[in-house]
Every structure is written in structure tokens, then in C-alpha cells.
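Biologist: I have a model open and would like to learn how to read its features one by one. Could you walk me through it?

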Amino acid sequence: VVIIDAPEGRAVLTLYELGGLDGRRYSQFSWRATLALAHKGLTAQTIKVRVSDKAAIAFSKQDKVPILVDRETVVADSWKIAEYLEDDFLSGPSLFGCDTGRALTRFVNAFVDRQLIPKLAPLIMRDVVEIVDAEDAAHLRKQIEAAFRRSLEELAADRANEITGFRRILDPVRASLRAQSFLAGVSAGYADYILFSLFQWARIVSTFEPLESTDALVGWRERMLDLHDGLARSEPSRAERDGGAR
Ligand SMILES: N[C@@H](CCC(=O)N[C@@H](CS)C(=O)NCC(=O)O)C(=O)O
């Protein structure tokens, strides 16, 4: 548990997220919440739970992280956490910009969750089971193999070719980033955190590179890694942990 300082006049916020081997912060949905907190200028103590340990988060009456606890209020689901931070912490910069921005960001959330994650996640789940303990590895393997009806090894076998489908779906993002630095415009917003969480997860769990080096998204990803004093970059990549370069 890492305790950072308490925001002025408020009780300490607590964020429950996944912890892998050596405390790796590998939950992509939790990165959305972590970056949203930083965007709002808020700090939270984080509690890392194992993905197979449902007893640890039973208090939230559901079985997934992130979970934000603000005194008596328990908020589960990254989108609901973003809305909670936006609506209850009026002092910080906006995550959505306005009501129209919030509505459009909801589209980005669905786009990333329903189009992009299913294209990338199966290709690198084989690597994820190496960075969690044995019980968590068994839990994740069972879950993904049931969902995709193939073994993690089969899912990863042809990933060098299958990644092209993922890259193709990103084309509208590329077009948008030709005109502006971030999905949200001149500065990053929650839409950027949603998409970035997928790349952050990938760099933490795997050395497999989802983007071509010439992709315009590479520059955007670097800008995202730099935000909030390099908050996302401060979590070591899989390549850094393994002692190689990426
Ligand atoms: N819609 C949820 C999804 C959260 C989610 O899938 N979290 C994963 C970790 S990144 C989880 O807790 N999985 C546990 C499990 O499926 O057993 C959100 O946006 O927060």
C-alpha cells in the first residue's frame, strides 16, 4: 500500500487495483482511474489485490477493479469513477470538457472496450500469465480461454500478423491526431486516458509492440507517458523489468 498525501479538506481516497508479481500495476481499467485522479490533481492511496482474490473486494458487491472508496462512498467501474471525480471534485480541470464532451467520451469508452481490447488482449494474454502468481495465472487463463475458445498459446501464435487488424481499427484515431495533439484537443482528456490505458497495459505486461514505429500514435503515446510528471512512464515496462530495451 502506497500512501501519498491526503487532498486538502477531504478524507484520503482509496483506489483498489490489481497487483502482479513485484507489485506490477497491470490493470488497464485501473490506469484510467489513476490518470483521471492525477488529471484532477487528486491523490489516493492504492490497495493492490490479486485478480483471483474476490474476497478482498467483496465489500464493493461486484468482482472487478478499479474500485474507488471515498469515505462511505464506494464506486466501482472506471467510467463511473471518472464521472464521480468529474461531478464531485469541481476544483480540478475537467475530464470531459462539457456535457457534449462527456457524451462523446462515452463513445470512446465503448469503442476501446468493444473494438480495440478484443483485438489486442488475446494476443498478449500469454505474456500476462507470466507476471502474476500461479493462482492469478490460472484464473486469467481460464477466463480468456473460455471467452475465445482457444489456448493462450494459440491466440498468441500468429500475433505478428494478426496485429494488423488492431492497427487498422485505429485509423480514425490516427486521422484525428493529425489535426490535434490529443483526442480531447490541445490537451489530454479522459478520452485519451481510456485509449492510452490499453497501450499502458501492453507495455507493462508484454514486450510485444502493438504499433509500427512510423505510426503517428507513437508520438501521442509518448506524450501520454510524459503527462503528470511521467506518472505512467514511472511504472516499468515489461522490457525494463526483463532487463532489455524497448
Ligand atoms: N467495465 C469495468 C471493467 C473492469 C475490469 O474488467 N477489470 C479487470 C481488471 S483490468 C478485473 O477486475 N478483472 C477481474 C476478473 O475478471 O476476474 C471498468 O471499466 O472498470
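Biologist: Let me start with the ligand: how far from an oxygen atom of the ligand does a polar side-chain atom of Ser 78 lie?

Modeller: Keep in mind that this is a predicted model. To read a polar contact, look for a pair of N or O atoms within 3.5 Å. Here a polar side-chain atom of Ser 78 is 2.5 Å from a ligand oxygen atom. His 139 also places a polar side-chain atom 2.8 Å from an oxygen atom of the ligand, and for Lys 54 the distance from a side-chain N or O atom to a ligand oxygen is 2.7 Å. On its own the ligand has 520 Å² of accessible area, and the protein covers 83% of that.

Biologist: Which residues come nearest to the ligand, and how does the shell divide by type?

Modeller: The shell holds 14 residues, and Lys 54, Val 65, Ser 78, His 139 and Gln 143 come nearest. By type, five are nonpolar, five polar and four charged. Helix H1 (28–39) and helix H4 (134–148) each contribute at least two residues to this shell.

Biologist: Where does the ligand sit?

Modeller: Rolling a probe the size of a water molecule over the atoms shows where empty space is left. In this model the ligand sits in the largest pocket, which has about 830 Å³ of space.

Biologist: What lines that largest pocket?

Modeller: Its lining has 32 residues, with Leu 18, Phe 29, Lys 64, Val 65 and Gln 143 nearest the centre. Two or more lining residues come from each of H1, helix H2 (78–88), helix H3 (99–128) and H4. H3 gives the largest share, six residues. The lining divides into 17 nonpolar, seven polar and eight charged residues.

Biologist: Now the backbone. Which residues does a cis peptide bond join?

Modeller: Most residues other than glycine have a negative phi, and most peptide bonds are trans. In this model, Val 65 and Pro 66 are joined by a cis peptide bond, with omega about 10°. You will find Pro 66 in the loop between strand S2 (44–49) and strand S3 (67–70).

Terms used
Residues are numbered from 1 along each chain as its sequence is written. This is a predicted model: local features need pLDDT of at least 70, side-chain atom pairs count only at pLDDT 80 or more; totals for chains, interfaces and linings use all residues. Side-chain values use heavy atoms; hydrogens and water are left out. A residue is near a molecule or strand if one of its heavy atoms lies within 4 Å of it. A polar contact is a pair of N or O atoms within 3.5 Å; within protein, one must be able to donate a hydrogen and the other to accept it, and residues adjacent in sequence count only if both atoms are side-chain atoms. Accessible areas come from the Shrake-Rupley method with a 1.4 Å probe; for residues, only the protein chains shown count as cover. On a 1 Å grid over the protein atoms alone, a cavity is a set of points where a 1.4 Å probe fits but cannot get out, and a pocket is an open set with protein on both sides within 12 Å along at least five of seven lines; lining residues have an atom within 4 Å of a point. A molecule sits in a cavity or pocket if more than half of its atoms lie within 2 Å of its grid points. Helices (H or I, at least four residues) and strands (E, at least two) are DSSP runs, numbered from the N terminus. Ala, Val, Leu, Ile, Met, Phe, Trp, Tyr, Cys and Pro count as nonpolar, Asp, Glu, Lys and Arg as charged, and the others, Gly among them, as polar. Grid points are joined across faces, edges and corners, and a volume is the space filled by probe spheres set on the points.
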